[in-house]
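Please read the following account alongside the sequence and the coordinates. It goes from whole chains to single residues.

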Amino acid sequence: MKLELGNIFIKDIQFGTESKIENGVLTVSEEAVKAIVLEDEKIKSVNLDIAKPGESVRITPVKDVIEPRVKVEGRGGIFPGVIAKVDTVGSGKTYALKGMAVVTAGKIVGFQEGIIDMTGPGADYTPFSKLNNLVVVCEPVEGVKQHDYEKAVRIAGFKVAVYLGELARELTPDETKVYETYGIMEGKEKFPELPRVAYVQMLQSQGLLHDTYVYGVDAKKTLSTIMCPTEIMDGAIVSGNCVSACDKNPTYVHENNPVVHDLFEEHGKTINFVCQIITNENVYLADKMRSSDWTAKMCRMLDLDAVIVSQEGFGNPDTDLIMNCKKIEAEGVKTVIITDEYAGRDGKSQSLADADVAADAVVTGGNANQVIVLPKMDKVIGTLDYVNTIAGGNEHSLREDGTIEVEIQAITGATNETGFGYLSAR
Amino acid sequence: MGGFMIITNNTLVKEKFGTDYHVEYEELSFEDTLKKVRDMIYDGYKLLTHPLSGSVKPKETPYKSVLMSEKPEGLDMQSMKLIESAIQACGKFQDRTGQYDSDVYEDFRLIDCTLIGSAIPSAECW
Amino acid sequence: MSKIKVVHYINQFFANIGGEEKADYPAEIRVGEIVGPGMALKQYFGEEAEIVATIVCGDSYFNENLEKAKADILAMVKEQAPDIFIAGPAFNAGRYGVACGTICDAVQEELGIPAVTGMYVENPGADMFKNKVYTIATKNSAAGMKDAVSKLAPLALKIAKKEAIGASCQEGYMPNGVRVNFFEEERGSKRAVNMLLKKLADKPFETEYPMPSFDRVEPNPAIKDLSKATIALVTSGGIVPKGNPDHIESSNASHYGEYDITGVMDLTEATYETAHGGYDPVYANEDADRVLPVDVLREMEKNGVIGKLHNKFYTTVGNGTAVASSKAFAEEFSQKLLADGVDAVILTST
């Protein structure tokens, strides 16, 4: 499957009467975007705001971060099974608005989390501080159930991203990258000498606010399966995960999955990037056994030489990670795993909830319990009401001088377990 | 495969699943609920769901529900390993369970309930 | 700001006194003198810090007169009241490494003065002290002096100035059980791909998170003549004299018990029981030999199958007891078993 990805760099976002992209500047009609969001009757009101890199702005509580894209050639559309109809994506031509994101924010549950600081020390820990962000803050109608509201905000974010992506349909991309993988036999013939490598992605799949959707299907109800790595670039995987800000994968991370991109860098040179394998992180232990059995079995059936396994979340998925690693290694397939750590505030506790000798090659996104003091920002988009209750905060988090003392687990993307960030630990 | 039961300190779980399933409710802390599960494991009950289900951190949420075999099935090493490291993990987090407004507890109860609820269809397949 | 005051500790060899034949050289302090590797440290320190005194001690002297040497050196260091204490680097010299670790640990613990040392990773002093004292990883011989000092000196200055200490891979110290965050040059996924390529090519690679070490114990060689061997019984099954006199906890045990069984031929319901809370105690309480087989061993002793049953047994409860505690218990009582001339142990669990 072959996908041409055209990147259109967005240097700035502004509000205006008509939505358009001109010379790298995205103009957004507030009215048009609000109308899209308010199509859902569960959303009472919506506010739009813009946050730019370097501004003294804090966005919280963040729900999702999404990169606008548009499918200009080939089958299907962006976010298949969710926004576009179900059709296999990942081939043809897609344009992406780089350097920007749609950020959905606002209260869903009372212990909401997720901080994006656009400047200061906190900005170093979140990859989204480097983007021009269009922030969509929703308010629910009275009495709406949390799961209905979560879905409403999730879908609203995708719709806004698709709306903005459409603005690029007729543009010429600033740069184009081509990603191509091959059939099993075809790849073997093309790269007879290269080791066969796949990416095993574990998807968060535990329940409300802990879900991931693949072509619209709830991942906890799936068996481990194979994807073409270009499918994610068209939004085949989206996030419904709002908990554990530091190590959840926002939709932006799925669209730009760094393991997929970095494996493509080596594809045809040092490795043959065969496919992506997706598996889940259910709470039921027998589901874990089954899913990891299937993953290992597929690694063997695909005659793989090596895989990278990535994780999402804390605790429960440590067990999936170790099961996958152990079983895949037992099939004679070499593994590298990516995780993050909860080593306590002093860094002295056991980092993972599970361990095995087979996991001898580990990349870490750092210790999520590290404490950081975030300075006061001139402007808050969203609300600070929940800062005291976010993971890694406490009743003293929001101090009188406006600074916040939290663990970095409160910061969106701080210890991402697909290796999206630069943070590590030793 | 035998039946299952739910060990919980969450009233919503009792309310929601109590009539259809065997629910053992006891008003305990998060950590003490895990310790209760541990003692049951040493009595031969088997753990059916991960004790650290959910990304809401231990002690951030006061609620924990765990699926166990309904009858003892002999000491299970995996259950033992999981519960011991789960209890150990509690030590890494600040206890914040007394610090929220009452509606936040409702949300915590709901999340815990959906987490355990997500395991029930799997448990029923057996 | 005044200069940072450093006291430097080295052995007889690096003080140019002599090799093995001079290893019994007693501890001495040379106030105002910079000796051997101290010269290299001085170069790095520039105007920021100065070595106010050098302490020299023979390796054999230190290790053979441990308490006296420690006390003498501590008194010397205290007198100088330095901001930081540096020992070594010891490279692969085993006794020197142990001395460096020991004295650094003592200086920190007793005097509250921070200390830093350096040695080769396989130096026995490294395993003993790297979690207590910042220990720079050096090459295995003094040829690596320049490299060692180039890490040792900046780390010493940072510690003395109470600056934040970076991760082990940044500062050059051996991982010490404390996880420290830092930003890498490449993102995680790229590091994973690079690691994968190395692993695929069977080239050495370094994991960013070594899994907690899994203790694999190599079995000792078999006993050649059982009929002459002294056998001891040890259990994690919680068997204790009736009433549990030392109050060993039913789970998460914090200690172990040592009990004399001289003349005890059989554990009975009246005399022994289990403290273990993790299994059904009925059968163990009825007859504790089921967990700690004293009766069978007495019989073997009588029939000459074994030389004799050791007159003490060691017991704890393995119910959720931390591996670290278990290890500490065993380290302690295995010394006693060795001292008592025990040849083999039967370890029973439940």
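The paragraphs below take up chain folds, a sheet, a helix pair and some backbone features.

This is a predicted model, in which local features need pLDDT of at least 70 and side-chain atom pairs count only at pLDDT 80 or more, while totals for chains, interfaces and linings use all residues. Residues are numbered from 1 along each chain as its sequence is written, and chains are lettered from A and ligands numbered from 1 in the order in which they are written.

Chain A contains eight helices and 26 strands; helices (H or I, at least four residues) and strands (E, at least two) are DSSP runs, numbered from the N terminus. Its radius of gyration is 21 Å, close to the 22 Å that the globule rule gives for 426 residues, so chain A is as compact as a globular protein of that length. The radius is taken over C-alpha atoms, and the globule rule is 2.2 Å times the number of residues to the power 0.38. Along the principal axes, the C-alpha atoms of chain A fill a box of roughly 55 × 55 × 40 Å. Of its 426 residues, 63% count as buried. A residue is buried if 20 or more other C-beta atoms lie within 10 Å of its own, exposed if 12 or fewer, and partly exposed in between, with C-beta atoms placed from the backbone. Among the contacts in chain A with a separation of 6 or more, 78% are between residues 24 or more positions apart; two residues are in contact if their C-beta atoms, placed from the backbone, lie within 7 Å.

Chain B has five helices and three strands, and along the sequence they follow the pattern β-α-β-α-β-α-α-α. The radius of gyration of chain B is 14 Å, close to the 14 Å that the globule rule gives for 126 residues, so chain B too is as compact as a globular protein of that length. Its C-alpha atoms fill a box of roughly 40 × 30 × 20 Å, taken along the principal axes. Of the 126 residues of chain B, 51% count as buried. Residues 24 or more positions apart account for 76% of its contacts with a separation of 6 or more.

One sheet of chain A can be followed strand by strand. Strands of a sheet pair through backbone hydrogen bonds, either parallel or antiparallel. Here three strands form an open sheet in the order S2-S4-S3, with mixed pairing; two strands pair if DSSP finds at least two bridges between them. Strand S2 (12-15) and strand S3 (20-22) of chain A stand at the edges, each with a single partner strand, so one side of each is left without a neighbour in the sheet. Neighbouring strands of this sheet are turned by 25° against each other on average, direction ignored. S2(A) and strand S4 (residues 25-28) of chain A run parallel and are joined by four bridges. In S4(A), A:Val25 is the bridge partner of A:Asp12.

Next comes a helix pair in chain A. Helix H7 (residues 285-301) and helix H8 (residues 316-330) of chain A pack at an angle of about 35°, with their axes 9 Å apart. Axes are lines fitted to C-alpha atoms, for helices over the stretch in contact, and angles run from 0 to 180 degrees between N-to-C directions. The residues that meet include A:Ser292 and A:Ala296 in H7(A), and A:Met323 and A:Lys327 in H8(A).

Some features belong to single residues. Most residues other than glycine have a negative phi, and most peptide bonds are trans. The peptide bond from A:Thr60 to A:Pro61 is cis, with omega near -10°, and A:Pro61 sits in the loop between strand S6 (57-60) and strand S7 (62-66) of chain A. In chain C, a cis peptide bond joins C:Gly88 and C:Pro89, with omega about 10°. C:Pro89 is in the loop between strand S4 (84-87) and helix H4 (94-111) of chain C.

C:Lys162 has a positive phi, near 60°, and is exposed because 9 other C-beta atoms lie within 10 Å. Phi of C:Asn244 is also positive, about 50°; C:Asn244 counts as partly exposed, with 15 C-beta neighbours inside 10 Å.
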